[in-house]
Amino acid sequence: MLELIFLSIIIFLLLILSWVWPPNSPWAPWWRTNRKTARAICKLAEISKNDIVYDLGCGDGTFIITAAKEFKAEAIGVEIDPSRFLISKIRICLNNLSSKVKIKRKSFFNEDLSQATVVVIYLVPKTLEKLLPKFKKELKKGTRIISYKYKINLRLEKEDKKNNLRLYVI
Ligand SMILES: C[S@@+](CC[C@H](N)C(=O)[O-])C[C@H]1O[C@@H](n2cnc3c(N)ncnc32)[C@H](O)[C@@H]1O
């Protein structure tokens, strides 16, 4: 009985900790984009079958699945955390999307982004700052970047205030 109480306290503390952990850490909490916001991203970026969409730190894969399934884009998710990578992989298979959605378990800092037409990010400002030189170096002119919640130091093109989304164009 005592062990069970002890275990419950540990789980409770881990849960509390997960809420304050920075979302760019591999031990980050399950901060995620829900399907409604994923659809709002696709609409703001006008995603279509002609797009190659990257989600940098794709979490459980909700965005890449929505972009491919509902907006017919080719989607690529990059995720460093093995558990989230596995969940995304399973969800992609269950949705029969393996031909349209790819997922890579690696750091997005080591991914070549030159083929992207849209890049989606839900990361803390410190990480966005580090990604900016990579965006400027690798992304083609005209590539759309959508940032959820946090600003990037680029000229803002469009904003969806209701969903806390910002669109930038390289
Ligand atoms: C706030 S979550 C967003 C998840 C997903 N994009 C969404 O909106 O639902 C940030 C994600 O980035 C991942 N991540 C953080 N640093 C990373 C890195 N260097 N390379 C790849 N993934 C990373 C984390 O594991 C986490 O899943």
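## Strand 7 and its sheet in a predicted model

Strand 5 (residues 144–148) pairs with strand 7 in the antiparallel sense, and five bridges connect them. The structure described here is a predicted model. Within this pairing, isoleucine 146 has leucine 167 of strand 7 as its bridge partner. Strand 7 also pairs with strand 6 (residues 156–160), where four bridges join two strands that again run antiparallel. Here leucine 156 has tyrosine 168 of strand 7 as its bridge partner. In the hairpin of strand 6 and strand 7, four residues lie between the strands, and asparagine 164 takes a positive phi near 60°.

Strand 7 itself covers residues 165–169, and because four of its five residues are buried, this strand is largely enclosed by the rest of the structure.

In general, the strands of a sheet pair through backbone hydrogen bonds, in either the parallel or the antiparallel sense. A parallel example is the pairing of strand 4 (residues 118–121) with strand 5, which extends over four bridges, and in which valine 119 stands opposite isoleucine 145 of strand 5.

Turning to side chains, the count of aromatic pairs comes to two. One of them is formed by phenylalanine 108 and phenylalanine 109, whose ring centres are 5.1 Å apart and whose planes meet at 55°, so the pair is tilted; an angle over 60 degrees would have counted as edge-to-face, and one under 30 degrees as stacked.

The side chain of arginine 84 is joined to that of aspartate 81 by a polar contact of 2.7 Å.

| Residue | Relative accessible area | Class |
|---|---|---|
| Phenylalanine 108 | 11% | buried |
| Phenylalanine 109 | 34% | partly exposed |
| Arginine 84 | 9% | buried |

The classes follow from the cut-offs, because buried means under 20% relative accessible area and exposed means over 50%, with partly exposed in between. Phenylalanine 109, at 34%, is therefore partly exposed, whereas phenylalanine 108, at 11%, is buried.

How values were computed
Residues numbered from 1 in each chain as written. Predicted model: local features only at pLDDT ≥ 70, side-chain atom pairs only at ≥ 80, totals over all residues. Heavy atoms only, no water. Buried < 20%, exposed > 50% of the residue type's maximum accessible area, 1.4 Å probe, protein only. Pairing = 2+ DSSP bridges. Phe/Tyr/Trp six-rings, centres within 6.5 Å; stacked < 30°, edge-to-face > 60°. Polar contact = N/O pair within 3.5 Å; in protein donor to acceptor, adjacent residues only side chain to side chain.
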